[in-house]
Amino acid sequence: ELLLASGACIIAVEHDPRFIEILKGELASDYKNLTLVQSDILKVNLSKFASGKQKLKIVGNIPYYITSAIILYLIGNRKFVDSAYLTVQREIADRIFAQPATKAYGRLSLLVRFYCDVRRVFEISRNCFSPKPKVDSTVMELVFRQKLPSEIDETVLFALIKHGFGKRRKNILNALAEGFSNEPGTRKMTKDDLRIFLSAAGIDEKIRAEELMLKDFIRLAESFSKKK
């Protein structure tokens, strides 16, 4: 309601038809700048709502159990989205902001940093809700980059991050070797092949993925691209 009162054009996506009826009754007659869409957000075609150079701003207290899926969905639709303001479970925010060599650091940390400038806006205690949930929450701002940090093959970068963290207890060489050997549709690579790529990127084959920074994975992806 506060967003509507600001005069912004609001497209409200709600999955539950009961809440659609409530929103119609409480808001639709007072605000002509409201469009209600009954749908699963992950199935919405955002290109329908972005007009020309006018990109969307996404605002939501999103379902916590699909937080990662929603963030990846927004990354995939980033040409239509300027920024997102999301309330998420604090543990998810901790994963996104985690530093290398910590338990929380992983795929989500790296992918969000590659595509977004992200910051914590504020924290919300579980005591602010009724009924009280079992977790605290964080509001995050994600501003999608117009220019990515590197022009590397994103598919290669995704695969390296995925396989590197697929077996967290293994060193980067063994994790990648196992990951690529089980990846359908990709050429098989021996450990000797991978040693060449790791050496070209200046990465010690004995360290684990959780010790590598985003720039390390970018260098590794660049070495893969050069050796194709």
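Which residues does Glu-210 touch, not counting residues up to four places away in sequence?

1. Glu-210 touches Pro-100, Ala-101, Tyr-105, Phe-165 and Arg-168, where contact means heavy atoms within 4.5 Å. This is a predicted model, in which local features need pLDDT of at least 70, side-chain atom pairs count only at pLDDT 80 or more, and totals for chains, interfaces and linings use all residues. Residues are numbered from 1 along each chain as its sequence is written, and side-chain values use heavy atoms, with hydrogens and water left out.

2. Glu-210 lies in the loop between helix H8 (191–200) and helix H9 (214–226); helices are DSSP runs of H or I of at least four residues, numbered from the N terminus. With a relative accessible area of 14%, Glu-210 is buried (under 20%, 1.4 Å probe, protein chains only).

3. Helix H7 (residues 172–181) packs with H8 at an angle of about 125 degrees, the axes being 10 Å apart. Axes are lines fitted to C-alpha atoms over the stretch in contact, and angles run from 0 to 180 degrees between N-to-C directions. H7 and H8 are therefore oblique to each other, the class left once angles under 35 degrees (roughly parallel), over 145 (roughly antiparallel) and 65 to 115 (roughly perpendicular) are set aside.

4. In this packing, Ile-172, Leu-173, Asn-174, Leu-176, Ala-177 and Phe-180 of H7 meet Lys-191, Leu-194, Arg-195 and Leu-198 of H8.

5. The C-alpha atoms of the protein chain fill a box of roughly 65 × 40 × 30 Å, taken along the principal axes. Of its 228 residues, 40% count as buried.

Technical notes: Helix = DSSP H or I, 4+ residues; strand = E, 2+ residues; numbered from the N terminus. Buried < 20%, exposed > 50% of the residue type's maximum accessible area, 1.4 Å probe, protein only.
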